[in-house]
Amino acid sequence: METRAHLISHLFGPEQEILTPTWRDTCRPIPEFDRLLKVSVLGPLDLILTKLGRGDEKDFEDIDYLICNVMEDPSPTYRRDAVSPVERFDDVETTISHLFRRPHPALGGRSYGEALYQALRAKGLLEAPEVHELGGGAGFVAAAMSSMATREGRPLRYTFLELSRTLLSAQRTQLPSATAIAAHAERLPLRNGVVRGLFLANEVIADLRVSPADAPESAELARRYGLSLDGARRLNTGAIRFVEELARVLARGASACLVEFGGDFEASPVALSGAFGRALHVEHSIHFGHLEAAAKALGFKTERVAMADLLQIDRSMRVTSYPDVVRLRNFAPSLPVLAHPMEEIARAHPFLLRVFQLEFPPIGSPRFPDPQATAGFCQLFHALMLRK
Ligand SMILES: C[S@@+](CC[C@H](N)C(=O)[O-])C[C@H]1O[C@@H](n2cnc3c(N)ncnc32)[C@H](O)[C@@H]1O
């Protein structure tokens, strides 16, 4: 549809605007005005921030609308590296592997990385002692998997593939023996059939592109892999392109494990940011049914398992929710961002426990890690395993 007119609905003074440091990159000029004055429209993330700063009822409606319709690729927020690894995983996007990065009683005294290593080994995905990890974040999973393999007397050859230079160097610090390669998930800088062991992507694919369901690329992928887009607004285009890349780089006998939140429903948006909107970006849940169908068509054998089952986590153990850890850190700043068992907090911080109404949801409840979400880790997180 062609634009016939523009309506200027608000005039914001500069004191009312809150913008990301890179707002100019996403600002779109409106050339129709050029003869009179220079007018541009802000990118959606800067509009969200500005509206958050004012926050009346209409602004919140607009924010909901903007989040649901942002189809921007979140990858550039990683490439720009505006926040440190600590701020990213403590404040902006706290992954499950980050909450369980230290040995935890709910995992039988193992860390997330150790539990994952043992689960993948039991599934036969680590027969060749070689791991390529995409988007390894701060590198805790890699360090844990690697040291467990070394303790077993079969050291892993580890390769990091990562978009963010800062995170790539954090990964190297955690595991100096690893090879580190700057990479984009949709264009892996690897030769055909070069991966002989395991390719791991833990909580990465929600960061990849989505496209409107009626975009030519979505229609083409839906046709190619027999995906139904009836009533859908968007497709996990980036995640499907990544699976195509896996089909290209994995040798026969190699495998992949993709861990993410989602289910058999269309990609749904989740906005994430740190304080004052830092590193604001929108991720999307994964339609695992679509991904599995594409993988099968590309020649993979697939297996989808709930992450809680794969890790054999104790669903009944009660731990701090993420928002409660953030609250507690205002008074106990040295408290690390972890899923703290209730008994541990009661022992270490009895005063805080009395003052705050802490919830301690069971790990298996929809309220862990975030009581405000409609579903939690055990309901939404899955591992999709692909074998070639
Ligand atoms: C949510 S973090 C997950 C980090 C870590 N795997 C964990 O479980 O904590 C997403 C990771 O994927 C990387 N990433 C995001 N988009 C990417 C892309 N298009 N290509 C490669 N890496 C990407 C980020 O830099 C980051 O390391």
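**Note on loops, helix packing and the ligand shell**

1. Phe360 lies in the loop between H16 and H17; helices (H or I, at least four residues) and strands (E, at least two) are DSSP runs, numbered from the N terminus. The model is predicted: local features need pLDDT of at least 70 and side-chain atom pairs count only at pLDDT 80 or more, while totals for chains, interfaces and linings use all residues. Residue numbers start from 1 along each chain as its sequence is written.

2. Although Phe360 is not a glycine, its phi is positive, at about 50 degrees. Phe360 is partly exposed, with 19 other C-beta atoms within 10 Å. A residue is buried if 20 or more other C-beta atoms, placed from the backbone, lie within 10 Å of its own, exposed if 12 or fewer, and partly exposed in between.

3. The loop between helix H16 (350-355) and helix H17 (377-380) also holds Pro369. The peptide bond joining Phe368 and Pro369 is cis, with omega of about 5 degrees.

4. Gln312, a residue other than glycine, has a positive phi near 50 degrees. Gln312 is placed in the loop between H13 and helix H14 (322-329). With 15 other C-beta atoms within 10 Å, Gln312 is partly exposed.

5. Helix H7 (residues 112-122) is mostly covered, nine of its 11 residues being buried. The buried residues of H7 are Tyr112, Gly113, Glu114, Ala115, Leu116, Tyr117, Gln118, Ala119 and Leu120. Their cover includes the helices H6 (96-99), H8 (140-151) and H13 (307-311), together with strand E6 (198-202) and strand E9 (255-263); contact requires C-beta atoms, placed from the backbone, within 7 Å.

6. The packing of H7 on H8 has an angle of about 55 degrees, and the axes are 7 Å apart. H7 is therefore oblique to H8. Axes are lines fitted to C-alpha atoms, for helices over the stretch in contact, with angles from 0 to 180 degrees between N-to-C directions; under 35 degrees is roughly parallel, over 145 roughly antiparallel, 65 to 115 roughly perpendicular and the rest oblique. H7 contributes Tyr112, Gly113, Glu114, Leu116 and Tyr117 to the contact, and H8 contributes Phe140, Val141, Ala143, Ala144, Met145, Met148 and Ala149. These contact residues divide into 10 nonpolar, one polar and one charged.

7. Helix H11 (residues 237-249) and helix H12 (residues 288-297) pack with their axes 10 Å apart, at an angle of about 25 degrees. H11 is therefore roughly parallel to H12. The crossing of H11 and H12 is right-handed. Ala239, Ile240 and Val243 of H11 meet His290, Leu291, Ala294 and Ala295 of H12 in the contact. The contact of H11 with H12 comprises six nonpolar residues, one polar and no charged.

8. The ligand is surrounded by 23 residues, the closest being Thr95, Gly135, Gly137, Leu163 and Ala185; a residue counts if its C-beta atom, placed from the backbone, lies within 6 Å. Helix H4 (75-80) and H6 each supply at least two residues of this shell. The shell divides into nine nonpolar, 10 polar and four charged residues. Here Ala, Val, Leu, Ile, Met, Phe, Trp, Tyr, Cys and Pro count as nonpolar, Asp, Glu, Lys and Arg as charged, and the others, Gly among them, as polar.

Note on methods. Contact = placed C-beta atoms within 7 Å. Left-handed = near helix turned anticlockwise from the far one by under 90°.
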